[in-house]
Amino acid sequence: QLVESGGGLVQAGGSLRLSCAASGRIFSSYSMGWFRQAPGKEREFVAAISSLTSITYYSNSVKGRFTISRDNAKNTVDLQMNSLKPEDAAVYYCAATSSGNFYRSGAYNYWGQGTQVTVSS
């Protein structure tokens with residue numbers, strides 16, 4: 001089970017930190033990702049972090065502004081979002097995958113319920 005938290009309303013240029021708590025599985029053996037979906041758009045990859053080695057991957061649209069991190073002792077994965085833009089507004093989903101294909105949503109085995117991020121201009 002994956003449960004996201006930390007979404008909310010922020011002004012453009014502001015920051016938010018999303019957190020995802022995992023339970024029920026061996027968290028450290030799964031790579032974790034964040035995806036987002038805006039109204040009328042497809043779900044898109046945001047960031048991922050590999051299991052054990054914690055290598056990170058980012059979409060070009062968030063690289064340099066967002067940081068993904070994980071704490072295997074606490075079974076959590078966070079997404080620090082800085083310099084937020086109105087186009088970052090979406091429902092953000094946490095997901096877990098046992099595959100190495102981090103960019104494709106279909107590769108993820110487990111999903112959270114999502115948390116809303118709203119960015120005002």
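Which side chains meet in a salt bridge at 2.5 Å, N to O? In this predicted model, the side chains of E44 and R36 do so. The legends below begin with this pair and then turn to other close-up views.

**Figure 1. Salt bridges that share partners join R36, E44, R65 and D88 into one network.** Side chains of opposite charge can pair when their charged atoms come close. R36 meets E44 at 2.5 Å, N to O, and R36 also forms a salt bridge with D88, at 2.9 Å, N to O. D88 belongs to the loop between β8 and β9, whereas R36 belongs to strand β4, so this pair ties together parts that are 52 residues apart in sequence. D88 is buried because its relative accessibility is 0%, and R36 is buried with a relative accessible area of 4%. E44, at 34% relative accessibility, is partly exposed.

**Figure 2. A salt bridge joins the side chains of D78 and R17.** The separation is 3.2 Å, N to O, and the structure holds four salt bridges in total. D78 is part of strand β8 and R17 is part of strand β3, so the pair ties together parts that are 61 residues apart in sequence. Are the two partners buried or exposed? D78 counts as buried, because its relative accessibility of 15% falls under the limit of 20%. R17, with a relative accessible area of 43%, is partly exposed.

**Figure 3. F35 and F45 form an edge-to-face aromatic pair.** The ring centres lie 5.7 Å apart, and the angle between the planes is 75°. F35 is found in strand β4 and F45 in strand β5, ten residues apart, and the pair links distant parts of the chain. Both F35 and F45 are buried. The structure holds nine aromatic pairs, and one aromatic cluster is formed by F35, F45, Y57, Y93, F102, Y103, Y108 and W111.

**Figure 4. R43 lies over the faces of two aromatic rings, those of Y93 and W111.** R43 is placed 3.9 Å from the ring centre of Y93 and 4.7 Å from the ring centre of W111. The two rings themselves form an edge-to-face pair, 6.4 Å centre to centre, with 80° between the planes. Y93 lies in strand β9 and W111 in strand β10 (residues 110-111), so the pair ties together parts that are 18 residues apart in sequence. Y93 is buried at a relative accessible area of 14%, while W111 is partly exposed at 27%.

**Figure 5. The largest nonpolar core contains 28 residues.** In soluble globular proteins, nonpolar side chains tend to be buried together. Which members of this core touch the most other members? They are M32, W34, V77, L79, M81 and Y92. Two or more residues come from each of β3 (16-22), β4 (31-37), β5 (44-49), β7 (66-71), β8 (76-81), β9 (90-97) and β11 (115-120). Another core, of seven residues, lies apart from the largest one and includes F35, F45, A48 and F102.

**Figure 6. S59 lies in the loop between β6 (56-58) and β7.** The relative accessibility of S59 is 12%, which means that S59 counts as buried. When its neighbours within four places in sequence are left aside, S59 is in contact with F45 and V46.

Definitions and conventions
Residues numbered from 1 in each chain as written. Predicted model: local features only at pLDDT ≥ 70, side-chain atom pairs only at ≥ 80, totals over all residues. Heavy atoms only, no water. Core = buried A, V, L, I, M, F, W, Y, C linked by side-chain atoms within 4.5 Å. Buried < 20%, exposed > 50% of the residue type's maximum accessible area, 1.4 Å probe, protein only. Helix = DSSP H or I, 4+ residues; strand = E, 2+ residues; numbered from the N terminus. Contact = heavy atoms within 4.5 Å. Phe/Tyr/Trp six-rings, centres within 6.5 Å; stacked < 30°, edge-to-face > 60°. Lys NZ or Arg CZ within 6 Å of the ring centre and 35° of its normal.
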